[in-house]
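Let's take a friendly look at one residue and then step back to the whole protein. Have the sequence and the 3D view ready as you read.

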Amino acid sequence: MNRVCFFINTCVFGGGEITTLRVAKWIAEQGLPTEIILTFKEGWRPDFVPTEITVTNLRVPVLKYGKKRYGHLPMSVLPLIPYLRSVDITAFIALGYLGVIPAILVHRFTKSVPVIAWEQLHLRTALKYTARNDKFYVWVIEKLLKATYPRADRIVASSKDLAKDLLEFTGVSVERVRIIYNPYDPEIERKANEPLSHPWFSNGQLPVILGVGRLHVQKDFPTLIQAFALVRQNRPCRLVILGEGEERPKLERLVRELGLENDVSLAGFEPNPFKFMKNASVFVLSSKYEGFGNVIIEALACGCPVVSTDCPSGPSEILEDGKWGKLVPVGDVEAMAKAILETLDNPPDRKALQQRAMDFHIDKIGQQWLEVIHEVAKMQAER
């Protein structure tokens, strides 16, 4: 029986991968055989994989380029060819450029496989930051992007701004692009009501500002910490950041330099951030760029007031240009501090925030995915 395959070619397990599993689970629940194809399981979290989904590991060896691991991009091409020839596939959905590039490169050998490129990252902005450290890698990726993305049967972008970026940057034709927002976890309400043991969220404690995400330069937590320092000068409060990553030493050093050790908690990875969101006074997204900003929707679904950078791409669309939460310029410490203080002083109606989140429910988003899958299946049948 034909299956829907999601191809993930990365050792990072973050928001994009969790969103992919969420969509894959919903499709599997509709009765379509669904599979996740991994090039390798390093960094993968099997406990997040729903039982309805088959997982295939191609066991691609990881090569190193300098101190970084780029080998999985070229090395993932060869094992894909025999695998895709051996199975019947309705749609092959490749996540991000690390998935799309090899998927399109092998397409000439497996023309019976319709490819959907699913982009959740604002490519030009992401590559701009990467270029500071590795210009040769970025140059190669840019060439490959422009050679491969236009050959996908469909390109799904997770926001309008991201779709515009793809059209301008890769030269894809507009009729091939579909905009499908990322869905939120349908079990948020249950998970948000789980007990929260962190002492700062007990009754009578100070207001808590919350940040969630990998401790990575993209998330720009230094700006959030510095903004918090300004907020605390005006009123007592605390900051909790959930996440883990290579930026931890830098963030810990900044917290010490600002004398915030007693009021900032870098609490590490948390499998259930929703119980924190439900009990926080303000959720802050401080990112330099996003593909969409899933955590904003999750915070809204928990009824948590939001402050976000107006970064590319996603936050302004989710918050409808500030209707559902304050937007501030990227990297602007003072503007972020002001927005947090204003939100603490005049919090929005939590039920209204939860109603906005319903626009991103998995049932609505899943139906849009089914439409695209049926589109490419029909195209393939007519070839």
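Asn-294 is found in helix α12, which covers residues 294-301. Keep in mind that this is a predicted model. Is Asn-294 buried or exposed? Its relative accessible area is 14%, and buried means under 20%, so Asn-294 counts as buried.

Which residues does Asn-294 touch, leaving aside those up to four places away in sequence? They are Gly-15, Thr-19 and Asn-182. With Asn-182 there is also a polar contact, made side chain to side chain at 2.8 Å.

Now zoom out. The protein has 16 helices and 13 strands. Buried residues make up 57% of its 383 residues. If you take the contacts between residues at least 6 apart in sequence, 70% of them join residues at least 24 apart.

Here are some values for the whole protein:

| Property | Value |
|---|---|
| Radius of gyration | 21 Å |
| Span of the C-alpha trace along the principal axes | about 65 × 45 × 35 Å |
| Accessible surface | about 16,700 Å² |

The radius of gyration agrees with a compact globule, because a globule of 383 residues would have a value near 21 Å. Of the accessible surface, 50% belongs to carbon and sulfur atoms.

How confident is the predictor? The average pLDDT of the protein is 89, and 93% of the residues score at least 70. Over residues 65-71, however, the pLDDT is below 50. This stretch has 15 contacts in the model beyond near neighbours in sequence. Where pLDDT is low, the predicted coordinates should not be read in detail.

Definitions and conventions: Residues numbered from 1 in each chain as written. Predicted model: local features only at pLDDT ≥ 70, side-chain atom pairs only at ≥ 80, totals over all residues. Heavy atoms only, no water. Helix = DSSP H or I, 4+ residues; strand = E, 2+ residues; numbered from the N terminus. Buried < 20%, exposed > 50% of the residue type's maximum accessible area, 1.4 Å probe, protein only. Polar contact = N/O pair within 3.5 Å; in protein donor to acceptor, adjacent residues only side chain to side chain. Contact = heavy atoms within 4.5 Å. pLDDT = per-residue confidence, 0-100. Rg over C-alpha atoms; globule rule 2.2 N^0.38 Å. Areas by Shrake-Rupley, 256 points an atom, 1.4 Å probe, with all protein chains shown as cover.
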